[in-house]
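The sequence and structure come up next.

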Amino acid sequence: MDLIDRYLTAIARRLPADKATDIVAEIQDDLLSRIEAREEALGRPLDRREVSALIKEMGHPLIVAARYRPAQYLIGPDAFPFFVATLRIVAMFMVLALAVGAGANVIFGHVPLARAFAQSLTGLLSSAMLTFGTVVAIFYALERGGFPADHLRKWRPEELPETRDKQPGAWGSAFEVAVGLYAILWWCGIAPLPILYTNVKGLTLVPDPIWTGLWWPVLALMVARLVYNVVQWLRPRWKMARGVLSVATALGGLALLAVVHQAGHWISMRSATMSAHELLELDRAVNLGLGIAIIVVGVVWVLQCAKELWQLVRAR
Amino acid sequence: MPNAEDQFEKLRIELRRGSLVLAVLGALREERYGYTLRQTLDDAGLPIDEGALYPLLRRLEAQGLLVSEWREEAKRTKRFYRLSADGTETLATLLHEWNAISESILRLTEKDA
């Protein structure tokens, strides 16, 4: 009886307190009934080894107790494909965000490549565990809230992407999102991409006041572009939203570029070691390059906007 | 790759899983407690693991298909189960469905029989 008591106590520990007594009493009765039947068949009492074998047949206490719980799994078979798809997207974004961060550290922070790689790898492992846990917790909560039954009831075949549409590559889109997010973090002064570049022969690049005045519009444009990239990546079938966002960001960007271009001068040079003439020449060359870059970016945005509009019109 | 025997065993378990509820409801048209119910199913060729039977009985009771009561018998208190009114109705519907499935399968496989 000692073995049976130990077994039943092990099960009871893992059961909801309000049901434990009732459940355990039933299991006990079953075990005793089986022992009695076996003893009757053999014509003698069972020894300890035989009782142990009989208990083992009943199953491990953890499994027996778990069968009485309403939730038998963390994420059910219906939600599992959505869980895997989400995890894939999150993993891609995480890898790319860390790669962009490492790249920025190498290029702008002058961190050796091997160290930047090692830092990213360490960051990736801890982030991966945290992210995996978070996604599991979210899906656990969603499943208890009725997902994906509601989603599966509402989805329509018409919402699927058209076969003739070229789907943007998932890695390319994820990369754009990662870069966009990093750019926003840098613009807000959170990510380590220095706005004052001070590492070459005491040369300091100081952004002109035009940038301070345009801080909010630039941030708004970056956020809108990030939203566009996220939609393009995760909801490519939202053509109208993509078109509107593309045109809006292109027009907003062009307006900003026009204002920026009108300033005519965007970065000033300061150096304690260079002569005034050298500084002037460098200043002229850098600002000329920036001026050309602004025009090129403007042309690219106009072309992108035209392409998006054309695709939008063709799709209607 | 799983061998043919393992594969068959998995398919067999899957096939049986759905029919066990029907078997339990059918057997509980007559009042029984867990151990005798398991024996009845075993004798009928549908053995069920006790670790699965008792949680199933509780689930069916929670769904209103069974009723139970603790009573003393042979010097021990036992929990007796029987079909409720809702359970009787559900059993009839499930049996109708079961027969329809069985007929469909027979029609589909009669050439192979």
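## A charged pair between helix and strand

In this predicted model, Glu61(B) has a relative accessible area of 22%, which makes it partly exposed. The side chain of Glu61(B) meets that of Arg79(B) in a salt bridge, at 3.1 Å from N to O. Glu61(B) belongs to helix H3 (residues 50-62) of chain B and Arg79(B) to strand S3 of chain B, so this contact ties together parts 18 residues apart in sequence. Arg79(B) counts as buried, because its relative accessibility is 10% and the cut-off for buried is under 20%.

Over all chains, the structure holds 21 salt bridges.

## Two further salt bridges in chain B

Arg71(B) and Glu31(B) form a salt bridge whose closest N and O atoms are 2.7 Å apart. Since Arg71(B) lies in strand S2 of chain B and Glu31(B) in the loop between H1 and S1 of chain B, the pair ties together parts that are 40 residues apart in sequence. Arg71(B) is partly exposed at 31%, and Glu31(B) is partly exposed at 30%.

Glu9(B) and Arg12(B) form another salt bridge, with 3.0 Å between the closest N and O atoms. These two are three residues apart in helix H1 (residues 4-27) of chain B, which means about one helical turn separates them.

## The sheet

Chain B has an open sheet of three strands, paired antiparallel in the order S1-S3-S2. Strands S1 (32-33) and S2 (66-73) of chain B stand at the edges with a single partner strand each, so one side of each has no neighbour in the sheet. Two bridges join S1(B) to strand S3 (residues 76-83) of chain B, and Arg32(B) has Tyr81(B) as its bridge partner in S3(B).

Notes. Residues are numbered from 1 along each chain as its sequence is written. Chains are lettered from A and ligands numbered from 1 in the order in which they are written. This is a predicted model: local features need pLDDT of at least 70, side-chain atom pairs count only at pLDDT 80 or more; totals for chains, interfaces and linings use all residues. Side-chain values use heavy atoms; hydrogens and water are left out. Two strands pair if DSSP finds at least two bridges between them. Helices (H or I, at least four residues) and strands (E, at least two) are DSSP runs, numbered from the N terminus. A salt bridge is a side-chain nitrogen of Lys or Arg within 4 Å of a carboxyl oxygen of Asp or Glu. Buried means under 20% relative accessible area, exposed over 50%, partly exposed in between (1.4 Å probe, protein chains only).
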